[in-house]
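These are my notebook entries on one protein chain, written down in the order in which I looked things up.

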Amino acid sequence: MKFSLYRFRTAISLGVRSISRYFIYRLAVGAGFFKIKTVVNNYDPKHLFYPVHLKCFGRSTVISENRLSDSVNIFGIKEVDISSAPPIWHQDILTGKTFDRPNKDWWEISDFELPIGDIKKVWELSRLCWVPRLAYLGTRNGVSPQQSVRYLNNLNLWLKDWVLHNSPYKGVNWKCGQEASIRLMQLVLALQIINSDDKLEPDLVWLIKVHLNRIRPTILYAISQDNNHGTSEAAALFVGGEVLIRAGDSAGDSFSKLGRKWLEERVEHLIESDGTFSQYSVNYHRMVLDTLSFVETTRRWLSSRKFSSNWYKKARSASVWLASVVDEDNGYVPNIGANDGALLFQLTNADHRDFRPSVFWAYSLFLGGTPWEYSKMTSIDLAFIERLGVSTPRCTIPTPKNANYSEGGFILLNNENGARVVIKYPSFRFRPSQNDILHVDLWLHGENLLRDAGSYSYNCDEPWQSYFPSVEAHNTVQFDERDQMPRLSRFLLGAWPKSRKVNFIPASKGGSGEFAAQYTDYRGASHYRKVKLSQTRLIISDQVSGFENRAVVRYRLTPTRNWQVDDNGVSDGEHKLLVSADVPISSLRLVDGWESLYYLKKTKVPVLEVEIQQSGSLTMEYQWA
């Protein structure tokens, strides 16, 4: 009975429009309305991109022409050589298992019941991240005509092979409208890099239309999700339609108008005025910001009409939000929120976890500056920005150091000695995906001292399927071995709590910054947390009550330090975590936990667990100097 009540209340929180759109989609699938008429099977394209269109030799570059490798990186864990023969497009990139029904209609394929396990291991190469990279490799300064032809011939070879082995609307790679959208965006980005003239290859126009006709019928489903699916698919409809208009195809206008309509609506609805994105995820925030940067870059390239002033205002806010949580020296960010390793465009040598190229691109477009001193960016090749026709301003626009992003529930605290704290607290207008309420991330000079676990995989065996989104994978309190919110389905949590007693005091010069908030979970247990960041230490005070048997607070530590337990906490000789309580501590132990810095890769981390068995107060003091 209670579980049904949680479902009902969660449905109300999701909103009538989103629920209605989802059920319309499900009914349409059941009625067979999405059985898109198959276009010519075994279509054999001759030329998709062709060297005759090259106009880009001699362009200037931004910083240095660092040599890009002849490979793309999948999830940051596997290099794939793109100068060799094409891969098997229905094969798990990590295990070699193959989806053996490539001609099955897309609407008959399940995301989560495949013999290959996580479908993303097949999808990732079919996102065509290698298309703009090969285009970029073939058009850089210093590349000879012979080298250019070799790269672009391989681009055509791989893309032709993909088309031949992925008949339109058949097989696993046509399952998702967002995947089709990402492919289309890669094709259009490559066009810009190559700087094609007005006469596009007919085969490429055909391929763009095939993708647009897959995306349009299911756009309401994407919109109903209130996440990156809607922004990606709207972006693809808009840019694909604009390219068709440029090619003289009359069908382009309707696609462009539909895409523009939903892009405006999605940005208004999903990006809060403080810049927070609806998914409460740092990695998905990068994904949506890269999408907006790509759209605006393409709009300028095609000289299309600008979006509304509010669209640009939201894009600026989203840019600032992301820049404020990025470490300027290594580009790393807190691993907060769902993280599937998405990195749409691979045009630099930067690591998957380095968010600086995305921030720099967005700032160049939407703010006309850079969030950091320009000299800090010399380790990253950012020539792709100028190759896309975007000016690269040198003026610095400082990012917030202390902020309460209250609409999304994020707190940012920085001190003058290189320490930074990011806190997640409940402020849910959209559905949360992780039990990370009052999680605290601590950074010092680019080192993540108290850390989040990440996601690992969206479709894997237990215990991992349950572990990574659970409260155990975060730096917060767990009551009675349950999660903070009950899981109603794979991607849906119920009984979203609300914050009370919220108090934020920004750090003053040479002083301390503070934050406090309280919530009560669906079983009546209460957690009040106060966080204080001074110049040399972090103090976290927790008051807990209303639980039945026990409360456990966890602190997930950096694995590169040699932590040792003593009576008062843990220490590595340089850093200390001191623990105290006003009630008996029944257990203080150092245990093995897990984290996933890269999707589909997990490693052990030490976790300090402190347990009490009655209502009371716990205090942890992290000292580093």
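Before anything else I wrote down the cut-off that my first entry needs: a residue is called buried when its relative accessible area is under 20%. I also noted that I am working with a predicted model.

**Entry on helix α13**

I began with helix α13, which covers residues 356-366, and asked how many of its residues are buried. The count came to 11 of the 11 residues, so α13 is largely enclosed by the rest of the structure. Among the buried residues of α13 I listed Arg 356, Pro 357, Ser 358, Trp 361 and Phe 366. Following α13 I came to Gly 368, whose phi is positive and near 70 degrees.

**Entry on α12 against α13**

Next I looked at how α13 lies against helix α12, which runs over residues 309-325. The two helices pack at an angle of about 145 degrees, and their axes are 10 Å apart. I recorded the crossing of α12 past α13 as left-handed. Which residues meet there? From α12 I wrote down Trp 311, Tyr 312, Ala 315, Arg 316, Ser 319, Val 320, Leu 322 and Ala 323, and from α13 I wrote down Val 359, Ala 362, Tyr 363 and Phe 366. Sorting the residues of this contact by type, I got 10 nonpolar, 1 polar and 1 charged.

**Entry on Asp 290**

I turned to Asp 290, which has its place in helix α11, residues 282-301. Is Asp 290 buried or exposed? I found that Asp 290 is buried and yet has no salt bridge, since the nearest side chain of opposite charge, that of Arg 286, is 4.9 Å away, whereas a salt bridge needs a side-chain nitrogen of Lys or Arg within 4 Å of a carboxyl oxygen of Asp or Glu. Setting aside its neighbours within four places in sequence, I listed the contacts of Asp 290 as Leu 343, Leu 344, Phe 345, Ser 358 and Trp 361. Two of these names were already in my notes, as Ser 358 and Trp 361 are among the buried residues of α13.

**Entry on salt bridges**

I reminded myself that side chains of opposite charge can pair when their charged atoms come close. In this model the count comes to 30 salt bridges, and I looked up a few of them. Asp 354 forms one with Arg 356, with the closest N and O atoms 2.8 Å apart, and both Asp 354 and Arg 356 are buried. Glu 124 and Lys 120 meet in another, at 3.9 Å from N to O, and I noted that Glu 124 and Lys 120 are buried as well.

I then took the pair of Glu 611 and Arg 550, whose side chains meet at 2.7 Å, N to O. Glu 611 lies in strand β20 and Arg 550 in the loop between β14 and β15, so this pair ties together parts that are 61 residues apart in sequence. The relative accessible area of Glu 611 is 7%, which means that Glu 611 is buried. I also found both residues in a network of salt bridges that links Glu 481, Arg 550, Arg 554, Arg 589, Glu 609 and Glu 611.

**Entry on Lys 160**

Lys 160 has its place in helix α5, residues 145-165, and with a relative accessible area of 27% it is partly exposed. Leaving out neighbours within four places in sequence, I found Lys 160 in contact with Asp 44, Pro 45 and Leu 48. From C-alpha to C-alpha, Lys 160 and Asp 203 are 9.8 Å apart in space, while in sequence they are 43 residues apart.

**Entry on backbone details**

I looked up where a cis peptide bond occurs, and I found one joining Glu 462 and Pro 463, with omega about 10 degrees. Pro 463 is in the loop between β7 and α15. His 445 is not a glycine, yet its phi is positive, near 50 degrees; it sits in the loop between β6 and β7 and counts as exposed at 63% relative accessibility. Ala 495, in the loop between β10 and β11, also has a positive phi, of about 55 degrees.

**Entry on the whole chain**

Last, I noted that the protein chain has 15 helices and 21 strands, and that buried residues make up 61% of its 625 residues.

Methods
Residues numbered from 1 in each chain as written. Predicted model: local features only at pLDDT ≥ 70, side-chain atom pairs only at ≥ 80, totals over all residues. Heavy atoms only, no water. Helix = DSSP H or I, 4+ residues; strand = E, 2+ residues; numbered from the N terminus. Buried < 20%, exposed > 50% of the residue type's maximum accessible area, 1.4 Å probe, protein only. Lys, Arg positive; Asp, Glu negative; His and termini not counted. Contact = heavy atoms within 4.5 Å. Axes fitted to C-alpha atoms, helices over the stretch in contact; angles between N-to-C directions. Left-handed = near helix turned anticlockwise from the far one by under 90°. Nonpolar A, V, L, I, M, F, W, Y, C, P; charged D, E, K, R; others polar.
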